[in-house]
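Colleague: Could you walk me through how to read aromatic contacts in a model? I'd like the general idea and then the case at hand.

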2 protein chains.
Amino acid sequence: MPSRRGLTRAEILDTALALADDDGLAAVGMRAVAQRLGVTPMALYRHVGDKEALLDGLVERLLTEVDVPGPEQAPVDRLLASAASLRAVARRHPEAFGLLLARRAATPGALDARDAVLAALVEAGVARDDVGRLERILSTFVIGFAASEASGRFADVERADADFAYAVRLLTTALAATTTPPPAGS
Amino acid sequence: MPSRRGLTRAEILDTALALADDDGLAAVGMRAVAQRLGVTPMALYRHVGDKEALLDGLVERLLTEVDVPGPEQAPVDRLLASAASLRAVARRHPEAFGLLLARRAATPGALDARDAVLAALVEAGVARDDVGRLERILSTFVIGFAASEASGRFADVERADADFAYAVRLLTTALAATTTPPPAGS
DNA sequence: ACCTGAACACCGTTCAAGT
DNA sequence: ACCTGAACACCGTTCAAGT
């Protein structure tokens with residue numbers, strides 16, 4: 001039994017996420033995570049700070065699972081694909097996903113995601129003054145929707161898909177009317 | 001020192017909410033609530049079930065603080081006033097408000113609120129097939145927005161107001177295009 | 001540097017007992 | 001019926017010690 005186990009922050013976060021998936025977010029604690037790793041609780045403190053930092057790390061792990069397409073795709077397609085990927089993360093990790101709403105995401109990964117949305121909106125032709133607030137509104141809605149979906153508020157996946165498609169249609173209609181002046185001569 | 005204190009479920013929930021307001025949601029526990037009431041922790045169990053039930057009761061307390069105008073007002077005004085009232089609740093109880101997203105609201109009071117939104121949408125002329133999904137989309141957005149606001153995501157109240165007004169404009173634009181056929185002859 | 005073992009100050013909850 | 005007191009099985013975290 002070596003006392004050097006080669007414990008890793010990434011390994012700890014993976015274990016914590018798996019624990020949340022299996023037994024619920026309430027089951028995620030220093031002692032339980034340590035037990036899954038075959039280690040004393042105190043061994044974790046060197047790698048993740050304390051329990052709060054562990055949960056922040058879980059938020060980071062969730063966000064890095066979101067696939068954001070490269071700039072070769074059209075901006076609206078990028079936004080739609082990112083949203084779909086976030087919803088998929090919510091369905092894969094319904095127990096842990098609530099953390100995204102409960103905790104403010106201040107990690108570098110979260111800020112990258114926001115910048116990607118801003119860039120896509122600018123590229124899509126949204127007025128400079130509206131970009132910031134539109135990003136806040138869209139991400140609020142998409143994260144809220146995904147969280148609702150994860151907590152079972154939409155009953156089944158088909159209905160959630162239909163609801164989301166409806167919301168997208170609604171928003172694109174509104175945005176088309178906002179970003180470009182109404183066709184005057186027709 | 002009477003052993004009969006006349007403890008009440010409402011009194012307990014009020015105390016728990018005040019405790020969340022003062023010391024954060026994490027501070028809300030059976031022992032802490034009991035201490036505020038000058039009572040043993042075990043005295044609570046007869047009135048609220050256990051800690052889970054206490055938190056469900058907190059959700060109920062938050063929702064009953066929302067002012068929903070009577071049917072004498074126009075349906076859209078009712079929706080806007082309800083949303084504004086929900087945002088006010090979030091600002092009054094920022095710590096506790098996250099519970100609305102973390103816990104599915106299955107209490108009678110929550111279902112009443114949903115029915116009020118449905119009725120207003122029907123009255124506003126939304127197509128029968130769209131009423132359900134539109135209610136889910138709107139409430140998802142409004143609760144998510146209020147929660148974001150409560151957690152400080154919008155920096156200040158002025159910006160939150162501006163963002164919310166922008167979202168309302170966006171949505172009413174889209175709804176006008178959806179509920180009524182586009183004016184053909186102009 | 002990395003992990004352990006024992007200990008401390010907390011939790012929620014059960015159970016028998018008091019009035 | 002309503003509340004108490006003691007006890008049980010848990011937490012997160014500190015601290016000194018081992019290798």
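Modeller: Let's begin with a charge over a ring. In this predicted model, Arg87(A) lies over the face of Phe164(A), 4.7 Å from the ring centre.

Colleague: And in chain B, which ring does the charged end of Arg87(B) sit over?

Modeller: That of Phe164(B), with 4.7 Å to the ring centre.

Colleague: Now the ring pairs, please. How is a pair of aromatic rings described?

Modeller: By the distance of the centres and the angle of the planes. The structure holds 8 aromatic pairs over all chains. Take Phe141(A) and Phe164(A): the ring centres are 6.5 Å apart and the planes are at 15°, so this pair is stacked.

Colleague: Which parts of chain A does that pair tie together?

Modeller: Phe141(A) belongs to helix α8 (residues 128-150) and Phe164(A) to helix α9 (residues 157-179), so the pair joins parts 23 residues apart in sequence.

Colleague: Are Phe141(A) and Phe164(A) buried or exposed?

Modeller: Buried means under 20% relative accessible area. Phe141(A) has 6% relative accessibility, so Phe141(A) counts as buried; Phe164(A), at 10%, counts as buried too.

Colleague: What about the pair formed by Phe141(B) and Phe145(B)?

Modeller: That one is tilted, with 5.7 Å centre to centre and 50° between the planes. Both residues lie in helix α8 (residues 128-150) of chain B, 4 residues apart, so about one helical turn separates them. Phe141(B) and Phe145(B) are both buried.

Colleague: Which residues do ring pairs link into a cluster?

Modeller: Phe141(A), Phe145(A), Phe154(A) and Phe164(A) are linked that way.

Technical notes:
Residues are numbered from 1 along each chain as its sequence is written. Chains are lettered from A and ligands numbered from 1 in the order in which they are written. This is a predicted model: local features need pLDDT of at least 70, side-chain atom pairs count only at pLDDT 80 or more; totals for chains, interfaces and linings use all residues. Side-chain values use heavy atoms; hydrogens and water are left out. Rings of Phe, Tyr and Trp (its six-membered ring) pair if their centres lie within 6.5 Å; planes under 30 degrees apart count as stacked, over 60 as edge-to-face and the rest as tilted. Helices (H or I, at least four residues) and strands (E, at least two) are DSSP runs, numbered from the N terminus. Buried means under 20% relative accessible area, exposed over 50%, partly exposed in between (1.4 Å probe, protein chains only). A charge sits over a ring if NZ of Lys or CZ of Arg is within 6 Å of the ring centre and within 35 degrees of the ring normal.
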